[in-house]
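Student: I would like to go through this model term by term. Please set each value against its definition before you conclude anything.

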Amino acid sequence: MSSLLVARFDPSLTYLALAVQALDVHQVKVQSLVSSQDLVNTSLSLGKNQKISSLLWVLPDQTSLIALGLTSGSILLYSPLLNSIVTELEHPSSLQVTDFHYSSASKSAWSTDIGGNIYEWDLQSHQLVLSLALFDLIELSESVSKVLSVKYNGKAHLLVGTQNVYLVDPSTKSVVKTFHAHVLPIHTLTPVPGSKDLFLTAAEGDRFVNIYSFHSAPAKAVLVAEAAIEHVAVNQHDTVGSILTAVTENGAVEVFQNPLTFESNALATPEKSKKKRKHTKAVLSKSSEATLKFGRPADEITSPDDETLHINAVALSSGVLHVTWLENASVSYFDALPWFTDAGFAFSGVQKIEKSKQKIRATSHTADGHDVAAPKLYQESHTVITEGNAFQDDVDEEENDETLEEKINKLSEQLRQAESRGKKKLKRHTPGSLAVVLSQALKNNDSSLLDNAVLINKDPEIVRNTIARLDPSLVVVLLDRLAERITRKQSRLEGLYFWIKWVIVIHGSVLSSIPNISNKLSSLHSILTKKADTLPRLLELQGRLNLLQSQNSLKKEILNGSLVNDEDGEQEVEYVEELDDAEHAGLISDDEDDDIDMDGVGDYENSEDEMEAGMSDEA
């Protein structure tokens, strides 16, 4: 399975730029179309949180740049010659970038996002010049997928592609004309070379290419392919005429000859009926005159994949058709086919073009199709076969003496222990891997994977980092899935609380910028509103319980304090300093101290005077 995300030829048909998925990061590769051109063969890996949503070539001041639109709302201007990011432009909406277009007339660039916002940038100062929202112009919530600057009545205008095409005057911020085009989002909106009046459109999953004129609302012609169209290229030749090629979803290239020659399919004999007059005004539809299918020669077909080489991109010069495909799902190969000869157009009917298996050419970062930094590959010629008894010398001899039954029992015990350890050890996801699993579950609507591998995680740190790595375009889908699970079993709200919380915290700006978000999340809103209605009653109950608990605690403290005073309280004691001094002097004993009447302190003073007089007589 190919890891290719998008492939684009540069306007000069010198290089090819590819965006590929490499493990858990996106890479940008630029390769030369001609083998002798080795000036540019570069590869740049983006950060883990930087996911490419669009890739387009830009040529300001004749310097080739690549505009990388990211899902995070940023635009990286990458220089293949320097192999580095020149600057970064950030959308104020932080929504996924859908398109980037450089206008050589105004020397400015235009970008769009999935929220319907359109921005103009000055590439000299890298500053935002103008911003407008398609929602304000047409009062419909449509995601803008393509933008193109054109001149209408001598004034700069914009062609804005959603499912339809709107001719917008950016100076007055108004819609001049509306062209009803497709049912699904448009992926190709390009002017016709050599014509100032014509442009063409193609949409996702659609087999039609519509050609429009600025001066007529209905399509002038509709080109019908055999399968859904993925890529379109158109060009003209002065003598032969015009040609349009379309790469379909099955990898074939369908060729339309002179699609810009609008001839009526009406009958030559005029009819007076209204039905015939309407038929003359019907839109011209046209099928392809040739289909090119690339594949291996019959003797090299070893699997169904060899029967058809899937063409990834196509480009047209004034006389050559350029195509590219992948070899070994990693290396791009090219072919240039002249689309006209002296007799006229070179292609007709169904043609199979055989391409033998290509020998992988070494580039600046690969050798024989493999990373030069990787270990050497296994080669049969380097294998050395030895005898089967080449055991290690330090084998325990006691193990050799074990019987077969003992070895089987020992092995069974080891298996049981390993199984028990495996049951106890839960698989722990990292935020990066869990974000990939979450995206896969949301895109494929896999409820089992979402429940058993993602929502079972309750670690707030893992939940926060996983939501931070989630594609903003999947945020609404995730909230819908969470609402479904809470509706079925409202007891799960506690387990899903962290998921809802971090989605709102991290992607709140994205949610607030989406029109009619309240209608899209009506189920989740009703559930959370019902839960929030019970909060005042719960808070009131909590206040009452806290009051009762405080009263009980106070009563206990009062009761405990009274009991302590009754049982352990001491009687008041009067301290007399003279008694303490007499006791230390040995004049009275502890027993006499107990018998002394504290009210007769004067008697004690008289006896003390008598003792002093007796001592003086003895002296």
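Tutor: Start with contact, which means heavy atoms within 4.5 Å. Leaving aside neighbours within four places in sequence, H187 is in contact with K146, A202, A203, E204, I229, E230 and H231. This is a predicted model, in which local features need pLDDT of at least 70 and side-chain atom pairs count only at pLDDT 80 or more, while totals for chains, interfaces and linings use all residues. Residues are numbered from 1 along each chain as its sequence is written, and side-chain values use heavy atoms, with hydrogens and water left out.

Student: What does the side chain of H187 reach, and at what distance?

Tutor: The side chain of H187 reaches the backbone oxygen of A203 at 3.2 Å. A polar contact is a pair of N or O atoms within 3.5 Å; within protein, one must be able to donate a hydrogen and the other to accept it, and residues adjacent in sequence count only if both atoms are side-chain atoms. H187 is found in strand 17 (residues 186-191). Helices (H or I, at least four residues) and strands (E, at least two) are DSSP runs, numbered from the N terminus.

Student: What is the average pLDDT of the chain?

Tutor: pLDDT is the predictor's confidence in each residue, from 0 to 100. The chain averages 77, and 74% of the residues score at least 70. Over residues 375-399 the pLDDT is below 50, and this stretch has five contacts in the model beyond near neighbours in sequence. Residues 422-427 also stay under 50, with zero contacts beyond four places in sequence.

Student: Why is the pair D99 and K146 called a salt bridge?

Tutor: A salt bridge is a side-chain nitrogen of Lys or Arg within 4 Å of a carboxyl oxygen of Asp or Glu. D99 lies in strand 9 (residues 97-103) and K146 in strand 13 (residues 146-152), so the bridge ties together parts that are 47 residues apart in sequence. The structure holds seven salt bridges. Another joins D335 and K355 at 2.5 Å, N to O.

Student: What makes E461 and R464 partly exposed?

Tutor: Buried means under 20% relative accessible area, exposed over 50%, and partly exposed in between (1.4 Å probe, protein chains only). E461 has 42% and R464 has 29%, so both fall in the middle class. Their side chains meet in a salt bridge at 2.6 Å, N to O. By contrast, D99 and K146 are buried, and D335 and K355 are buried too.

Student: How do you know that the buried residues of helix 6 line one face?

Tutor: L450, A453 and V454 are buried in helix 6. Seen down the helix axis, the buried residues fall within an arc of 105°, so they line one face of helix 6. The arc is that of the directions from the helix axis to the C-beta atoms.

Student: Which residues touch the most other members of the largest nonpolar core?

Tutor: A nonpolar core is a set of buried Ala, Val, Leu, Ile, Met, Phe, Trp, Tyr and Cys residues joined through side-chain atoms within 4.5 Å. The largest has 34 residues, and L438, V454, L478, L479, L482 and W499 touch the most other members. Helix 8 gives the largest share, seven residues. Beyond four places in sequence, L482 is in contact with L455, L496, W499 and I500. A second, separate core of 21 residues includes A233, V255, L292 and F294.
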